Every structure is written in C-alpha cells, then in structure tokens.
Amino acid sequence: MSDEQERDGYHSARIPLHHLGDLPSLRQLCQEYDVALVLDGTATEKSMIGRSCLIVESGQGLSGTEAIGDHACLALPGTTVAQMQALGYEQFSHVPPGLTLAQWLAMPQWHDCRPGCTASSGLERVHALFADGQTAVLGGFGVNDESPLRLPVLQKKIPLLFELLSDTDILRCLALPRWPLAYRLDALRPRLGDINLAQLFLGHGGTLIWCQELVIRRMPGNAIVTDLMLTEADQDWVAGVHNHIEGNIKAMFDPAGLFVYPDELSFAADNL
C-alpha cells in the first residue's frame with residue numbers, strides 16, 4: 001500500500017489487489033473506518049468530497065480469461081481491453097486498450113448510448129460484491145429465470161427497479177435518443193436482446209457494486225453507437241431530474257456510501 005496525500009484533514013491511499021479473496025477484508029476495513037472504496041481510474045483523491053479514500057488497482061492476479069464455448073468467455077476484472085481485442089471481441093475496438101474490464105464496465109462513454117441497447121456490450125453476467133458484503137451473480141432475468149429474486153440482496157431491489165420503469169420521468173428518458181442517466185434502467189426495457197440485470201451497471205462508475213468477474217459474449221463492434229446528442233431542451237430537463245432518480249438508486253444499493261458518489265467521479269484522460 002502507498003500513502004498519497006492529506007487534503008483538508010482527509011487521507012488517501014492506493015493499493016494493488018492481487019487476489020479477489022482479499023476484497024471482503026478491504027470492504028470491511030473501509031466500512032469500519034468510514035473510508036470510500038474507489039476503483040482506480042474512476043475517481044481521485046482530489047474529486048472526493050469531504051472523506052478519505054482507498055484507491056484499489058487491479059494486480060496481476062486479477063487478469064485472465066477462460067473460454068465458454070466459441071463465442072464467450074469468463075473474465076477477471078483486471079483483464080485489459082487489449083487482451084479482449086486480441087481475442088477478437090470486436091465490441092472493444094473503440095475502447096482504449098489500457099483499460100481494465102472493471103474500468104470499461106464502470107465508464108459510460110464506452111457503451112451504447114441508445115436506450116434499450118445495452119445488449120450490444122456483450123455483457124451477459126457480472127459477479128458483484130455489494131456494499132453490504134453480500135455477493136450475487138447478475139445476468140438474464142425473465143419468466144424462465146427468476147433466480148435473482150431468491151437472493152436476499154436482490155429480493156427487494158429488483159421489484160423496486162421495475163417499479164421505477166413506470167415513473168413518468170423514466171418513461172421520458174426511455175423515449176430520448178440518448179440514455180441520459182448514470183444507471184442503465186433501460187436494460188430492464190430492452191430494444192435489443194432480453195432483460196439483463198448485469199447491464200444495469202454499464203457505466204455505473206463504481207458507485208453501486210464491485211465487479212469480481214464478468215461473462216462477455218462476442219459482439220460486432222459496429223453495433224455500438226456512442227455519439228448521439230440530446231437537444232438543449234432535453235439537456236435542461238435531465239439536469240432537473242437526474243440527481244433525484246440517481247440518488248434513489250444509489251441509496252438502494254449503497255445507502256452508507258461505501259463506494260463513490262456520482263458527483264465524485266472523475267473520468268479524466270490521465271486516468272484511462
């Protein structure tokens with residue numbers, strides 16, 4: 001572990017994580033000492049607001065893939081985009097090769113911006129650590145697979161998420177050309193593919209869960225659209241509603257603020 005610097009009485013430190021088995025202990029220590037647990041590349045000590053932080057880097061032990069048939073793989077979160085590109089996963093063709101998969105998952109700019117099109121990422125499952133220490137594998141959800149509802153950490157959250165889909169503000173978001181919120185509720189109202197709970201966390205910034213493993217399917221790179229824009233009127237409307245909506249979802253998954261908050265994120269170029 002390396003100490004960083006003190007700012008206004010708050011401290012920061014940086015540590016490489018080499019084994020996923022050490023993650024629960026880090027989470028518990030951060031919770032006990034009221035320290036934010038930060039995924040490297042998503043926030044910095046300068047962007048944190050009034051609290052100390054532990055910035056966690058992916059060590060060598062967190063890199064690697066295992067093929068699942070010919071068209072998918074199980075990947076560790078420290079696997080780089082360059083490794084996925086070398087394996088022929090074309091959906092990463094526009095993504096900086098030095099990013100890890102955990103960073104790719106967290107950063108919104110690398111995912112399809114069209115509402116309901118989260119499936120173009122190829123993300124099928126995420127093994128997630130939640131702020132309260134529980135873990136779950138998140139993925140497809142529907143009439144043929146309602147197993148997530150049997151997981152204690154998700155029993156209340158999933159129904160609440162689906163209830164949000166009937167909110168008038170969310171309905172307006174779904175009708176926009178570009179999904180405007182930090183959390184991809186549109187993964188629960190897909191235009192492409194099926195409902196997938198893992199895709200809810202595309203671009204979440206490391207604010208809701210900690211990614212431990214991913215299952216990714218090969219997808220064509222030209223299927224991803226990232227450059228659609230909102231009108232000035234729509235931007236003004238989003239500015240008035242996004243804090244309320246995102247705050248409710250943040251509180252649902254991380255009520256004590258173990259992970260960073262959306263307004264603490266800093267996706268600066270030097271963090272890529």
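A salt bridge is a side-chain nitrogen of Lys or Arg within 4 Å of a carboxyl oxygen of Asp or Glu. The legends below describe a predicted model.

**Figure 1. Overall view of the predicted chain****.** The chain contains 6 helices and 9 strands. Along the principal axes, its C-alpha atoms occupy a box of roughly 45 × 45 × 40 Å. The radius of gyration is 18 Å, which agrees with the value near 19 Å that a compact globule of 272 residues would have.

**Figure 2. The two domains of the chain****.** Domain 1 comprises 12-57 + 257-264, and domain 2 comprises 63-253, according to the domain assignment. Their C-alpha centres are 21 Å apart. Contact between them involves 16 residues of domain 1 and 21 residues of domain 2.

**Figure 3. Area buried between domain 1 and domain 2****.** The size of an interface is often given as the accessible area lost when the parts come together. Here about 1,500 Å² is buried between domain 1 and domain 2, and carbon and sulfur atoms give 75% of that area. On the side of domain 1, the residues that lose the most area to domain 2 are Leu20, Leu39 and Phe259, which together account for 38% of what that side buries.

**Figure 4. Polar pairs and composition at the domain interface****.** Helix 1 (23-32) and strand 3 (36-39) are the elements that give two or more residues to the side of domain 1 touching domain 2. That side of domain 1 consists of 11 nonpolar, 3 polar and 2 charged residues.

**Figure 5. The salt bridge of Asp40 and Arg14****.** Side chains of opposite charge can pair when their charged atoms come close. In the whole structure, 8 salt bridges are found. One is formed by Asp40 with Arg14, where the closest N and O atoms are 2.7 Å apart. Asp40 sits in the loop between strand 3 and strand 4 (53-58), while Arg14 belongs to strand 2 (residues 12-17). The pair thus links distant parts of the chain, 26 residues apart.

Key. Residues are numbered from 1 along each chain as its sequence is written. This is a predicted model: local features need pLDDT of at least 70, side-chain atom pairs count only at pLDDT 80 or more; totals for chains, interfaces and linings use all residues. Side-chain values use heavy atoms; hydrogens and water are left out. Domain bounds come from an automatic or database domain assignment. Contact means heavy atoms within 4.5 Å. Buried area is the accessible area (1.4 Å probe) that two parts lose on being put together, summed over both. A polar contact is a pair of N or O atoms within 3.5 Å; within protein, one must be able to donate a hydrogen and the other to accept it, and residues adjacent in sequence count only if both atoms are side-chain atoms. Helices (H or I, at least four residues) and strands (E, at least two) are DSSP runs, numbered from the N terminus. Ala, Val, Leu, Ile, Met, Phe, Trp, Tyr, Cys and Pro count as nonpolar, Asp, Glu, Lys and Arg as charged, and the others, Gly among them, as polar. The radius of gyration is taken over C-alpha atoms; the globule rule is 2.2 Å times the number of residues to the power 0.38.
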